[in-house]
Amino acid sequence: MPTHTTSYKLPDLPYDYDALEPVISAEIMQLHHQKHHQAYINNLNQVLEKYHEAEAKNDMPKAVSLQPSIRFNGGGHINHSLFWENLCPPKNALGKPSGQVLEAIEKDFGSFTDFQKRFNAETAAIQGSGWGWLAYNKPRQQLDIVCLSNQDPVSTIPGMTPLLGVDVWEHAYYLQYKNARPKYLEAIWQVIDWKRVEERLANSL
Ligand SMILES: [Fe+2]
C-alpha cells in the first residue's frame, strides 16, 4: 500500500512539438518532454514513496539519504515545467520584453542587448550540465542572472524567484546544435515568451 497519494504528472506542452522550429527541432522537443522530463517525474514519484516509507518508520537517516535525489528529480520537474512555459512559437515571440521587465533589465544591466550578452556568456560557461536563469532578487529588488548546476532550482536561493530559465544540458540542444552551446543560446531568444516573463515578475514583486 502506498503511504501517500502524491503523484506528479507530466504537464502538457502549450504548443506542438514542431512549433518551435527552426529554433528547436521537433525531435529535441519530443525527447526532452516525453523522455527526459518524464524520467525526472518517474524518479521523483519513486523517491517520494521511499521517503514517506522512511518517515513512517521514523527512519531519519534513510529519509535524509533520499534528499539529494528529491532535490535533483524535484528540481528537474520544477525547472522543465517552467522552461516549457518560457517558450513559444517564433511567430508569437515578441523578440524583446516590454513594460516592467524591460525597465528592470535596463536599470540592472544597462540595455536589453547588454543583458543578452551577459546572460549568454555566463550561461555558455556553465561547466557540465545546468541552467541559466533570469531571476528576481526580492531582498535587493533587482534582477539577477543566476547560473545553477544540474537541476538545482532557483527556489533553493532565499528570496529569489525564477522569471526565465534556459536549459543548457546537452539533451536540450545537442541533436541540432551539436557541441555549439553558444549558437543554441543565440537562437533561443527567437522563442522566448516575454509575456510570461512579465507575468512572473508582476507576481513576484
Ligand atoms: Fe532538460
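## A walk through the predicted model

Asn58 sits in the loop that links H1 and H2.

**Overall dimensions and packing**

- Taken along the principal axes, the C-alpha atoms fill a box of roughly 55 × 40 × 30 Å.
- Buried residues make up 31% of the 205 in the protein.
- If you look at contacts between residues at least 6 apart in sequence, 67% of them join residues at least 24 apart.

**Helix H2**

- Helix H2 covers residues 60-86, and at 1.5 Å a residue its 27 residues should span 39 Å; the end C-alpha atoms are 38 Å apart, which agrees.
- There is a kink of about 30° at Gln67 in H2, shortly before the proline Pro68.
- Which residues of H2 are buried? They are Asn73, Gly74, Gly75, Gly76, His77, Ile78, Asn79, His80, Leu82 and Asn86.
- The cover over these buried residues of H2 includes helix H1 (26-56) and helix H7 (194-204), together with the strands S1 and S3.
- As background, an α-helix has 3.6 residues a turn, so residues three or four places apart point the same way.

**The three-stranded sheet**

- The three strands make an open sheet in the order S2-S1-S3, with antiparallel pairing.
- At the edges are strand S2 (142-149) and strand S3 (160-167), each of which pairs on one side only.
- On average, neighbouring strands of this sheet are turned by 25° against each other, direction ignored.
- In general, strands of a sheet pair through backbone hydrogen bonds, either parallel or antiparallel.
- Strand S1 (residues 130-137) is joined to S2 by eight bridges, and the two run antiparallel.
- Is S3 largely enclosed or largely open? Seven of its eight residues are buried, so S3 is largely enclosed by the rest of the structure.

**Backbone features worth a look**

- By way of context, most residues other than glycine have a negative phi, and most peptide bonds are trans.
- Asn58 has a positive phi of about 55° although it is not a glycine.
- You will find Gln141 in the loop between S1 and S2, in a hairpin with four residues between the strands.
- Why does Gln141 count as exposed? It has 11 C-beta neighbours inside 10 Å, and 12 or fewer is enough for that label.
- The peptide bond from Glu21 to Pro22 is cis, with omega near 5°. Pro22 belongs to the segment before H1.

**The loop between S2 and S3**

- Thr156 is located in the loop between S2 and S3.
- Is Thr156 buried or exposed? With 10 other C-beta atoms within 10 Å, Thr156 is exposed.
- From Thr156 to Ser111 the separation is 45 residues in sequence and 28 Å in space, C-alpha to C-alpha.

Conventions
Residues numbered from 1 in each chain as written. Predicted model: local features only at pLDDT ≥ 70, side-chain atom pairs only at ≥ 80, totals over all residues. Pairing = 2+ DSSP bridges. Axes fitted to C-alpha atoms, helices over the stretch in contact; angles between N-to-C directions. Buried ≥ 20, exposed ≤ 12 C-beta atoms within 10 Å, placed from the backbone. Contact = placed C-beta atoms within 7 Å. Expected span 1.5 Å × (residues − 1). Bend = angle between axes of the 7 residues up to and from the residue.
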